[in-house]
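Biologist: I would like a close look at one part of this model, with the surroundings of that part described as well. Please give the cut-offs as you go.

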Amino acid sequence: MTRTHLHTTLTTTLLLFLGTVSSASAASATPADPMNSAFAAAAATFGVPRDLIVAVGYGETHLDGHHGAPSQDNGFGVMHLVSNPSRRTLQLAAKLTGESVPALKTSTAANIRGGAAVLRSMADRAGLSGDDRDRITAWYPVVARYGGATSDNGARLYADTVYRLLASGLQTRTVEGERVDVTAHAAPPERGRLASVSPTGQPPDAAALGMDYPDSRWVPASPSNYTAGRSAAINLVVIHVTQGSYAGTISYFQDPAAKVSAHYVVRSSDGEVTQMVRDADTAYHVRSANSRALGIEHEGFIDDPTWFTDSMYRSSAALTRWLCDRHGLPKTRQFIVGHNEVPGNDHTDPGQYWDWDYYMQLVAGGGGGGGVYTGSSADFNGDGLDDIITFTHGTG
């Protein structure tokens, strides 16, 4: 072999080798776990505990960006970056990260980065030092601020939700099937001035102030978001889905700029009920039917069935049963309807994953529920007892 031939052969081999290495590097540049990688990168860049970012995102959206579709209060992405007259965390995230607003709406990695940047900005404004930032428990006031509540009890409700997730730990999968875990953090949060705020927001004279349903919290909506009294008799119970979180929805209905409300809001995890508008007053939830309708909002998103837990179904059904008895309504689908079924409305909730058969069975036949363990049941022989029951525990 000549020197020239040898040089050509070695050069060709080297180029082939480098091409193989380059291809392998390009393949490895795409992480196998993109959401986990996004959380880790955002935590490292902005000095926010990774598990805290995950818990905030899970509490807001179950880590589902919904392909850039907005929530009820115009929030976007896994971290629910909001753009409305009262909150502009979406624009703040764009300023802090240099990401475009469209990218923050549609790119999960950009959205997580934006959420972490907003949390860090709020931590800096709160005077959270470097040493304090290392303690996940010290971030409680920052998380309370991130939720955007207009009241102290709303802020505590939001932050308590996140820290309840942190206390129990998290094992979940994204819609793409990626597993995301959070180790349990047992230490109690440092609530600061919110420690003296009622976690339920329930004043001693709640019933005198307007609460109707006895198994609920009373957190009144802003007077700007409903009309006192009614111009028609109640003849309809309307089932809604919040397109957002429980705490976020309550905060939104307390925002005078929202111009929307519902009588009740039901939490996904345990079926907790918050009443926000008296039955005798007109909430703004179904346009022309407002004067004759009672509205029940359910925490979650219509395209994600993981929000519709058995605890939620049972608690909501108990509420609907009580409302029908109180206002003399038959417990049938003619009088218990979805938002999408009311003429003159353009919403699609509660959507295809809402189990009307099961819900109406519970409304008509009663049944208890709640507690730590939740599940779904079936009565096959008609004796009113569950013949098959399956359980889940937490988010596992």
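Does threonine 320 count as buried or exposed, and at what relative accessibility? Please set the answer against the cores, the cavities and the chain as a whole.

Modeller: This is a predicted model, in which local features need pLDDT of at least 70 and side-chain atom pairs count only at pLDDT 80 or more, while totals for chains, interfaces and linings use all residues. Residues are numbered from 1 along each chain as its sequence is written, and side-chain values use heavy atoms, with hydrogens and water left out.

Threonine 320 counts as buried because its relative accessibility is 0%; buried means under 20% relative accessible area, exposed over 50%, and partly exposed in between, with a 1.4 Å probe and protein chains only. Threonine 320 sits in helix H12, residues 310-327 (helices are DSSP runs of H or I with at least four residues, strands are E runs of at least two, and both are numbered from the N terminus). Apart from residues up to four places away in sequence, threonine 320 touches Val237, Ile239, Ile296, Ile336, Tyr359 and Val363, contact being heavy atoms within 4.5 Å.

A nonpolar core is a set of buried Ala, Val, Leu, Ile, Met, Phe, Trp, Tyr and Cys residues joined through side-chain atoms within 4.5 Å. The largest core has 66 residues, and Phe39, Ile53, Ile112, Trp139 and Tyr146 have the most contacts inside it. Trp139 is in contact with residues including Val48, Leu52, Leu119, Leu128 and Tyr163, its neighbours within four places in sequence being left aside.

Alanine 144, in helix H8 (residues 140-146), counts as buried because its relative accessibility is 6%. Beyond four places in sequence, alanine 144 is in contact with Ala155, Ala159 and Leu194, and its C-alpha atom is separated by 8.3 Å from that of aspartate 160, 16 residues apart along the chain. Threonine 106, in helix H5 (residues 101-106), is exposed because its relative accessible area is 56%. The C-alpha atoms of threonine 106 and valine 78, 28 residues apart along the chain, are separated by 9.5 Å.

The largest holds about 60 Å³, and the elements giving two or more residues to its lining are helix H3 (50-61), helix H9 (152-168) and helix H11 (246-253). The second largest pocket has a volume of about 430 Å³; among its 24 lining residues, Gln72, Val260, His285, His339 and His347 lie nearest its centre. On a 1 Å grid over the protein atoms alone, a cavity is a set of points where a 1.4 Å probe fits but cannot get out, a pocket is an open set with protein on both sides within 12 Å along at least five of seven lines, and lining residues have an atom within 4 Å of a point. Points are joined across faces, edges and corners, and a volume is the space filled by probe spheres set on them.

For the chain as a whole, there are 13 helices and 14 strands, and 50% of the 396 residues count as buried. Of the contacts with a separation of 6 or more, 65% come from residues 24 or more positions apart.
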